[in-house]
Amino acid sequence: MNVRKNKLVALAALGLTGGLALSACGGGDTGNGGDGGNAGGNGGSNGSDAGGQEGGAGYAELTGSIAGSGASSMQNAQTAWTESFMGLVQAEGGDVTVTYDATGSGTGREQFLNSEVKFAGTDSPLDEEELAASTEVCNGEQAFNLPVYISPIAVVYNLEGVDELNLTPEVIGGIFAGDITKWNDEKIVEHNPDANLPDKDIVPVHRSDDSGTTENFTEYLSENAPDAWTHGPVETWPIDGGQSGDGTSGLISTVEGGDGTIGYADASQAGNLGIAKIQVGEEFVEYSAEAAAKAVDVSPRAEGREENDIVVELDRTTTEQGVYPIVLISYLALCGSYADAGEGEAVKAYASYIISEDGQQVGADNAGSAPLSDELSSEAQAAIDGIQVG
């Protein structure tokens with residue numbers, strides 16, 4: 001099994017006391033023109049103040065609590081973001097509690113649209129129907145999506161004695177469709193001549209919950225191996241039976257506990273499992289944050305959405321060198337208006353922190369994600385600034 005260095009930095013290093021948290025997030029001069037105290041308040045990399053409040057108060061004025069739920073893919077990043085953000089607020093004299101429950105994308109969107117949480121994390125952006133329904137819980141305004149977390153989806157495996165594995169899209173599709181069932185199948189051996197592939201059953205593992213990671217993964221298969229994977233892009237696994245896990249951690253645990261198992265998960269949570277290289281054009285590409293970011297850079301924006309609703313149409317079929325195409329973009333679903341001014345200001349401040357240069361670096365350090373580009377961050381901050389409160 002391929003043992004890779006775990007990219008996660010211990011969350012304790014974030015420094016949950018005010019001073020340490022401020023230091024961890026660049027509490028000194030950030031280049032935005034602010035001193036140590038103002039650096040924490042500058043939410044966006046474009047220099048907007050905390051929470052996108054143009055000319056408004058900083059973190060010292062924030063009070064209360066806000067809850068979010070959703071995608072388990074960005075659980076590590078959300079844990080780091082909430083702890084670091086609360087430390088910054090505390091350092092300035094504010095008092096805000098932010099919680100995030102990794103329930104899965106589908107549940108997170110459902111709870112958001114039922115007004116159970118103030119924001120949702122989702123690997124699949126709110127669709128047209130969900131956006132229309134959101135006005136009922138968003139003070140009459142429509143919700144919108146912001147990209148906040150970019151990460152490769154790793155094809156993870158547990159196969160003793162196999163340290164490296166090259167897989168084509170057709171082989172991956174065939175494995176998860178149940179048509180390629182042995183590790184020494186000639187279609188696998190063809191691209192792994194030096195690997196000692198055993199005559200052992202392949203045990204594919206899928207997510208048991210409604211999952212944006214599943215939708216992103218099956219979208220990749222649908223576009224690159226439509227003959228092998230005929231079920232289309234789906235959030236709920238379409239094939240009965242087989243082994244499964246609830247959430248990202250559940251899937252990883254199932255793959256780790258098996259023999260000959262293979263699954264798909266946000267790369268930041270792959271642990272010590274083997275990770276396959278994926279064929280792109282004529283090369284087999286290893287996952288990395290940089291290769292995932294490049295996949296986003298070469299992809300267009302989704303058409304037909306409002307200006308503040310920022311959704312990327314990933315180009316899964318690109319053959320550009322150095323691109324890793326099995327990419328997950330996790331979004332924040334936010335209301336366009338919050339009736340409670342305190343909650344609204346807290347949501348704006350937290351969202352601004354996440355998409356800021358400091359926030360994105362915290363996500364990269366603790367979850368191995370790829371930071372947003374300056375352009376995406378600036379667009380996201382403009383959308384946050386437009387949220388109405390009170």
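Reply: Happy to! Let's begin with N145, which is buried at a relative accessible area of 0% (buried means under 20% relative accessible area, exposed over 50% and partly exposed in between, with a 1.4 Å probe and protein chains only). This is a predicted model, where local features need pLDDT of at least 70 and side-chain atom pairs count only at pLDDT 80 or more, while totals for chains, interfaces and linings use all residues. Residues are numbered from 1 along each chain as its sequence is written, and side-chain values use heavy atoms, with hydrogens and water left out.

N145 sits in strand 4; strands (E, at least two residues) and helices (H or I, at least four) are DSSP runs numbered from the N terminus. Leaving aside residues up to four places away in sequence, N145 touches P125, L126, L131, R305, N308, D309, I310, V311, Y331 and L332, where contact means heavy atoms within 4.5 Å.

Now for the nonpolar core, a set of buried Ala, Val, Leu, Ile, Met, Phe, Trp, Tyr and Cys residues joined through side-chain atoms within 4.5 Å. The largest one has 107 residues, and F85, F112, I188 and L334 have the most contacts inside it. Strand 4 (residues 144-158) supplies the largest share of this core, 10 residues. L334 touches F144 and L146, and also V347 and A351, among others beyond four places away in sequence.

V347 and A351 are among the buried residues of helix 11, a helix that is mostly covered, with 12 of its 15 residues buried.
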